[in-house]
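Please consider the protein shown below.

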Amino acid sequence: MIDHVNQYMGHHMVDHTGQIADIRAFNRFYTKVIGLLEEGMHESPFTLAEARIVYELGKRGAATVASELARDLSMDPGQLSRLVRRLDSYGLLSMTPVRGDKRANNMALTPRGEAVYQGFDGASNAAVRALIAPLDELRRRDLVDSMARIRNLLAAPEPSEPLILRPHRIGELGWLIHRQGLLYHLEQGWNGEFEALIARLYSDYEAAPANPPKSLWVAEQGGEIAGSVYIIPAAEEAAGTAQLRMLYVEPAFRGCGIGKRLVEEAVRFSRASGYKRIILWTQDSLVSARRIYQGAGFTLEREELHHSFGADLNGQYWSLEL
């Protein structure tokens, strides 16, 4: 009991001081970057608050209810009302009553307001272009990818962003090895033996002939890799048996059904390719993965205790008859 309490306290009293300091330092740096990007608006005859309203309406390209705009801009309705009246007096806005609500108005940009918006948009584009000008193409991609990762980690993916299952691209096998080696180390405590194993597995996949059929799927959402899985002929099994390997989902995308989609696609492919059976090997500590396999119809065939990756594990062998 005492050991259990100590483990619990140790888990919940992790010192995040260094991480907090790093995040605050990044926030200070990024605030300066945002300030540079907004200089174009400061140089206009409009205040930054006025420019934000014009820019938001121009970006939407449709009539917007004032209350919705106030909420999306995190602006006090009274402040928004005063700014809107001022912009209206400049001839930038068109106001029309909301049908059935005399107290509410739809707002849209007039042609003059649209011209101002285009000026803001062009100035913003020019500022970003100047910001990334010193970077080569590879570093620009790294920058955009890193921004997408921050967005996906701190906020759920937008519902409008579809999940895409696609083949892997050059450089992504190395990425999958890196991410899974790191994630299983952080989440399960596995050592470098696991990373070495999956490096061999992905190498074996790439070297395998096209027949019997094989396929690897990368789940992508919002331009980010959200997970992956692959099917390959089972080397030591009878003909007609496929093996499902390396199912994983990025932490930022878990709970969205991506693992389920990947396994469903792997089963569909195996059935369409003429396989009669799918097998897989996993560990009983990977609870979420086991639930996905069970949901797809896999059944547990046998278990085997072993010491691998620096940990005492219970390996499980699952199969699905097609």
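The model is predicted, so local features need pLDDT of at least 70 and side-chain atom pairs count only at pLDDT 80 or more, while totals for chains, interfaces and linings use all residues. Residues are numbered from 1 along each chain as its sequence is written, and side-chain values use heavy atoms, with hydrogens and water left out.

The protein contains 12 helices and 10 strands; helices (H or I, at least four residues) and strands (E, at least two) are DSSP runs, numbered from the N terminus. Of its 322 residues, 36% count as buried, where buried means under 20% relative accessible area, exposed over 50% and partly exposed in between (1.4 Å probe, protein chains only). Among contacts with a separation of 6 or more, 59% are between residues 24 or more positions apart; contact means heavy atoms within 4.5 Å.

Two packed helices are described by the angle between their axes and the distance between the axes. Axes are lines fitted to C-alpha atoms, for helices over the stretch in contact, and angles run from 0 to 180 degrees between N-to-C directions. Helix H9 (residues 172–188) packs against helix H10 (residues 192–207) at an angle of about 155°, with the axes 9 Å apart. H9 is therefore roughly antiparallel to H10; angles under 35 degrees count as roughly parallel, over 145 as roughly antiparallel, 65 to 115 as roughly perpendicular and the rest as oblique. H9 contributes Leu 173, Leu 176, Ile 177, Gln 180, Gly 181 and Tyr 184 to the contact, and H10 contributes Phe 194, Glu 195, Ile 198, Ala 199, Tyr 202 and Glu 206. By class, this contact of H9 with H10 has eight nonpolar, two polar and two charged residues (Ala, Val, Leu, Ile, Met, Phe, Trp, Tyr, Cys and Pro count as nonpolar, Asp, Glu, Lys and Arg as charged, and the others, Gly among them, as polar).

A second pair is formed by helix H4 (residues 48–60) and helix H6 (residues 77–89), whose axes come within 10 Å and cross at roughly 80°. H4 and H6 are therefore roughly perpendicular to each other. Ala 49, Glu 50, Ile 53 and Val 54 of H4 meet Leu 80, Leu 83, Arg 86 and Leu 87 of H6.

Helix H4 also holds Glu 56, which counts as buried because its relative accessibility is 13%. The side chain of Glu 56 makes a polar contact of 3.1 Å with the side chain of Arg 60; a polar contact is a pair of N or O atoms within 3.5 Å, and within protein one must be able to donate a hydrogen and the other to accept it, while residues adjacent in sequence count only if both atoms are side-chain atoms.

Arg 277 lies in strand E8 (residues 277–283) and, at 17% relative accessibility, counts as buried. A polar contact of 2.5 Å joins the side chains of Arg 277 and Glu 301.

The backbone deserves attention as well. Most residues other than glycine have a negative phi, and most peptide bonds are trans. A cis peptide bond, with omega about 0°, joins Asn 211 and Pro 212. Met 246, in strand E7 (residues 241–249), has a positive phi of about 60° and is buried at 14% relative accessibility. Phe 309 has a positive phi near 60° and is buried at 6% relative accessibility; Phe 309 is found in the loop between strand E9 (299–308) and strand E10 (311–321).
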